[in-house]
Amino acid sequence: MAEQFELTDDMRAQIGKKSPPWDYEVTTTSVRMFARGVGYTDPVYFDVEAARKAGYRSLPAPPTYLGTPVFIPGRCSDTFSGPGEGLPRVDHGLKGILDGGTETEVFETICAGDNLVAVQELIDLKVGSSASIGKMLIMTADTSYTDKATGKLVARQRAQVIYY
Amino acid sequence: MLRFDDINEGDALPELRKTPTLQNLVKYSAGSGDFNPLHHDYNFPQAKQIGSIIVHGRFKYASLGELVSNWVGHGGRILEISCQYKGMDLPNKEFVCRGVVKKKSIEGGRKVVEVDVWTENAEGKKTTPGSAVVVFP
């Protein structure tokens, strides 16, 4: 548990910085794996024919699917699978990590076969504290997902991560 | 199929019950790419400190998505879904995903329904409160 934690100017200087673009290829396998992991039983997430009958181009990605990146060894986090390159660097030294909250807006239905490009931006850094985990750093980042083929913004996700 | 006209403010969504086992969490890790050992390794320092591995916050978030998707079917579409992770849930303990219709409106010709959603543990504590916005054609 951290007794003391304060934001430094170096940390604050990272707010507003953006990552380079990263490919988020949505595939039938990735949608099925995600839907199975959550426990969906609706066949539209598993069976392309059922998806087409329900009016989708292919298997639709559940709205909470976003955040599942294309993993490339050495260029992504081994633990969280996300790209590590060029992300805003906040050297906080805290070891514990918890999810704080997630907000997703989906402007267009995303389906298997879509190739998205994600860019992450560090929005905010805040220091908080709680009785159980002590001082914490609350990091808020926005990720925008653009369809490679159309150039349209299809979704945006805001995630809060707590380091303690 | 659920239709906009059949929805009333105050309606409860059909609840979704989950008792995630370690295997369920491993499947979710594989499906989401989140391999934080806190969700599968009882010897991981953070798990030892907490006294158990814990359910991924995003598994609960995704379960809330499933709750809303199961209710809406394929006539409507989830436009927004959000939640805050307020309490930990443990494997092999049941949590219930619930929701209630908060507001129904027509905005600029768009039929919009806002719902409050949450996961509730055995003690009745809302560990993952959130909300969703659904649009109907």
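Which residue in β5(B) is the bridge partner of Asp116(B)?

## The model

This is a predicted model, in which local features need pLDDT of at least 70 and side-chain atom pairs count only at pLDDT 80 or more, while totals for chains, interfaces and linings use all residues. Residues are numbered from 1 along each chain as its sequence is written, and chains are lettered from A and ligands numbered from 1 in the order in which they are written.

## A sheet across two chains

The bridge partner of Asp116(B) is Ser131(B) in β5(B). Strands β4 (residues 110-120) and β5 (residues 130-136) of chain B run antiparallel and are joined by 7 bridges; strands are DSSP runs of E with at least two residues, and two of them pair if DSSP finds at least two bridges between them.

An open sheet of 10 strands has the order β1(A)-β3(A)-β4(A)-β5(A)-β2(A)-β2(B)-β5(B)-β4(B)-β3(B)-β1(B), with antiparallel pairing. At its edges stand β1 (22-25) of chain A and β1 (16-18) of chain B, each with a single partner strand, so one side of each is left without a neighbour in the sheet.

## Two helices in contact

Helix α2 (residues 28-38) of chain A packs against helix α1 (residues 22-32) of chain B at an angle of about 155°, with the axes 7 Å apart. Helices are DSSP runs of H or I with at least four residues; axes are lines fitted to C-alpha atoms, for helices over the stretch in contact, and angles run from 0 to 180 degrees between N-to-C directions. The helices α2(A) and α1(B) are therefore roughly antiparallel to each other, a term for angles over 145 degrees.

Conventions
Parallel < 35°, antiparallel > 145°, perpendicular 65-115°, else oblique.
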